[in-house]
Amino acid sequence: MKTALTASSIALLTLACAACVPGQQMTRQSAGDATEIAGSDARMVPITSELVAAERPKAQVAPELLNQRAQDYQLHPGDTVLVTVWEHPELTSPAGNQQQAVTNGRLVQADGSFFFPYAGTLNVSGMTVQALRDTLVSRLSKYLRNPQLDVNVVGYGSRVSLQGAFVDTAPQELTTVPLTLSQAIGRARINVEQADLAGFVLTRNGRNYALDLDALNRDGSVAPDIYLRPGDHLFLPFNDRKEVYVVGEVLRPQALTFKTTDMSLTQALGRTGGLNPVSAKGEAVYVIRGIEETQNTPATVYHLNARSPAAFALGDRFRLRPGDVVWVGPAGVTRWNRFLSQLLPLSGIISNAASAQYNIGRD
């Protein structure tokens, strides 16, 4: 389990960022484009065009999902099959012609077995409708002259299950018409206000496939068709834990949730009202990443000089990740304790929430 934000780790990174604000001194050791900040577990990285180009998300789909093609329906336990034997109503409609088709149909049992008079018990699990028809014709030919048969599935036991931020999470049937992932999602309807589109997971045969629905349908691209199989599980998480934190010299410091693959730095600053024109220092815009893991790995502090007009273009292309802390430094003699007074209560809230989740897990 990821460690919660702690006061000590925040204070450490606060001092690290402080070293880069004019008027304060700290020795730094160059390490290529990044800068290691002496005396801290953090490194400073300038936000450049090369950096944002390298970090652009690339949506991928597992090849085994794309290699699945539409195929003839295969019988599955729980299916109800109606066999029509022309000129033999006693075999076709044992419950009477007035009954519904599903009443006269025969159920495929949990073990895949299927019984039909004079044909005996067959194992039909995984068999196509045409294969079952051919088998019945062969078996009934021993008792009937040139039997004419129709075989139809009138009730379906094959389903996919859905969970998470859908409007309708009812299981969906797989029928003789192949069902694609996009069709299933369209029927279930996404809760657009609460869904995390980048966190979608398809589970098949015990394996989880992460599918970034936002990235797959971005920049004019359309997600490829993925044909679903019996037993597939579709999970769309809620975005309530997908947050970035904007603090410092902005008009409305706050935690921001987002439902897409990412949020740009410019978007985050815009949603908090932008830089405070009185107290903000435009060249002191920082993104602290990895603060939750500072006990194990160094955090990274990305720096943007927002005083340059070109910086806003870079900020619009720099992608934030869940857990990032955006900090805008003060101008003039504004003290660092303003940052601490804003961020430390936030860390306490997160720490308490993590502690509560841990205690619930233990119970």
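The structure is a predicted model, in which local features need pLDDT of at least 70 and side-chain atom pairs count only at pLDDT 80 or more, while totals for chains, interfaces and linings use all residues. Residues are numbered from 1 along each chain as its sequence is written, and side-chain values use heavy atoms, with hydrogens and water left out. The chain has 363 residues, of which 43% count as buried; buried means under 20% relative accessible area, exposed over 50%, and partly exposed in between (1.4 Å probe, protein chains only).

**Overall composition**

- The chain holds 11 helices and 20 strands; helices (H or I, at least four residues) and strands (E, at least two) are DSSP runs, numbered from the N terminus.
- Among contacts (heavy atoms within 4.5 Å) between residues at least 6 apart in sequence, 64% join residues at least 24 apart.
- The chain exposes about 19,200 Å², and carbon and sulfur atoms supply 49% of this area, as computed by the Shrake-Rupley method with a 1.4 Å probe; for residues, only the protein chains shown count as cover.

- Helix α7 spans residues 181–188, and its buried residues are Leu181, Ala184, Ile185 and Ala188.
- These residues lie on the same side of α7, because they cover an arc of only 95° around the axis; the arc is that of the directions from the helix axis to the C-beta atoms.
- An α-helix has 3.6 residues a turn, so residues three or four places apart point the same way.
- The buried residues of α7 pack against strands β9 (159–164), β10 (172–173), β11 (200–204), β12 (207–211) and β13 (233–236), and against helix α8 (213–216).

**Strand β11 and its partners**

- Four of the five residues of β11 are buried, which leaves the strand mostly covered.
- β11 and β12 run antiparallel and are joined by five bridges; two strands pair if DSSP finds at least two bridges between them.
- Thr203 has Asn208 in β12 as its bridge partner.
- The hairpin of β11 and β12 has two residues between the strands, and Asn205 takes a positive phi near 55° there.
- β11 also pairs with β13 in the antiparallel sense, over three bridges, and Val201 stands opposite Phe235 in β13.

**Aromatic pairs**

- The whole structure contains four aromatic pairs; rings of Phe, Tyr and Trp (its six-membered ring) pair if their centres lie within 6.5 Å, and planes under 30 degrees apart count as stacked, over 60 as edge-to-face and the rest as tilted.
- One of them is edge-to-face, because the rings of Tyr73 and Tyr156 have their planes at 85°, with centres 5.5 Å apart.
- This pair links distant parts of the chain, 83 residues apart: Tyr73 is in the loop between α3 (63–66) and β4 (80–85), and Tyr156 is in the loop between β8 (149–155) and β9.
- Tyr73 counts as buried at 10% relative accessibility, as does Tyr156 at 16%.
- Tyr302 and Phe318 form a tilted pair, with 5.2 Å centre to centre and 55° between the planes.
- Tyr302 lies in strand β18 (residues 299–304) and Phe318 in the loop between α10 (309–317) and β19 (319–320), so the pair ties together parts 16 residues apart in sequence.
- Tyr302 is buried at a relative accessible area of 7%, and Phe318 is buried at 0%.

**Helix α10**

- Ala311, Leu314 and Gly315 are buried in α10.
- The buried residues of α10 line one face of the helix, because they fall within an arc of 100° when seen down its axis.
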